[in-house]
Amino acid sequence: MCHAEGGMLCCNAGDGEEVRPLPLDMLTTDEGTAVIGDELQQHPSKVPVSLHQLQGKWNRQADGMPMGEVKGSTVEWDMSYQHAPSKLSMVTGLSGVPVAADVEMELAGEKHWARYETGNRPQLIWTDGEVWVKPLNQH
């Protein structure tokens, strides 16, 4: 049984033991809605992301350093990295990847995932915490 309390969802396991509270804004389902008591809350559905939206140059948000340029389905790294291009794949909704991931990139034999966010300045938020943004003069 679950109940909303102070902006948190608290649930009891079948044996009566209370499990860790969950912030209400973190609650989602496959259908994009959450039912709390008699209240139905709508969560915005995820807008599909395409490789077309990722095209162009990207900088690291923390220091503005150029990261590279997405061309087609690859990241061509900035010359300062001296790295071969990395393959990009769209993974939204696929099994075996983080739920929030839109993009998968292979770099040096390891897979990395990012969530794409639109807005005044589109960004890629990587699972390692790094954030890439489009340069201010490019959208």
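Colleague: Which residues is Glu 104 in contact with, leaving aside its neighbours within four places in sequence?
Modeller: Glu 104 is in contact with Lys 87, Leu 88, Ser 89, Val 91, Val 97, Lys 111, His 112 and Trp 113. Contact means heavy atoms within 4.5 Å. This is a predicted model, in which local features need pLDDT of at least 70 and side-chain atom pairs count only at pLDDT 80 or more, whereas totals for chains, interfaces and linings use all residues. Residues are numbered from 1 along each chain as its sequence is written, and side-chain values use heavy atoms, with hydrogens and water left out.

Colleague: Why is Glu 104 called buried?
Modeller: Its relative accessible area is 14%. Buried means under 20% relative accessible area, exposed over 50%, and partly exposed in between (1.4 Å probe, protein chains only). Glu 104 is therefore buried.

Colleague: What makes the link between the side chains of Glu 104 and Trp 113 a polar contact?
Modeller: The two side chains are joined at 2.9 Å. A polar contact is a pair of N or O atoms within 3.5 Å; within protein, one must be able to donate a hydrogen and the other to accept it, and residues adjacent in sequence count only if both atoms are side-chain atoms.

Colleague: What lies between strand 10 and strand 11?
Modeller: The two strands form a hairpin with two residues between them. Ala 108, in the turn, has a positive phi of about 55° although it is not a glycine.

Colleague: Why are Ala 108 and Gln 82 called exposed?
Modeller: The relative accessible area of Ala 108 is 68%, and that of Gln 82 is 76%. Both values lie over the limit for exposed residues, so both are exposed.

Colleague: Why does Val 75 count as buried?
Modeller: Val 75, found in strand 8, has 1% relative accessibility, so it counts as buried. Not counting residues up to four places away in sequence, Val 75 touches Glu 69, Val 70, Pro 85, Ser 86, Leu 88, Met 105 and Trp 132. Val 75 and Met 105 are 30 residues apart in sequence and 8.4 Å apart in space, C-alpha to C-alpha.

Colleague: What makes a set of residues a nonpolar core, and which residues have the most contacts inside the largest one?
Modeller: A nonpolar core is a set of buried Ala, Val, Leu, Ile, Met, Phe, Trp, Tyr and Cys residues joined through side-chain atoms within 4.5 Å. The largest core has 15 residues, and those with the most contacts inside it are Leu 54, Trp 58, Val 75, Leu 88, Met 105, Leu 124 and Trp 132. At least two residues of this core come from each of strand 7 (66-71), strand 8, strand 10, strand 11 and strand 12 (123-126).

Colleague: In what order do the strands close into a barrel?
Modeller: Eight strands close in the order 6-7-8-9-10-11-12-13, with antiparallel pairing. One of these pairs is strand 11 and strand 12, over four bridges, where Tyr 116 stands opposite Leu 124.

Colleague: What is the mean pLDDT of the protein chain?
Modeller: The mean is 75, and 64% of the residues reach 70 or more; pLDDT is the predictor's confidence in each residue, from 0 to 100. Over residues 22-45 the pLDDT is below 50. Where pLDDT is low, the predicted coordinates should not be read in detail.

Note on methods
Pairing = 2+ DSSP bridges.
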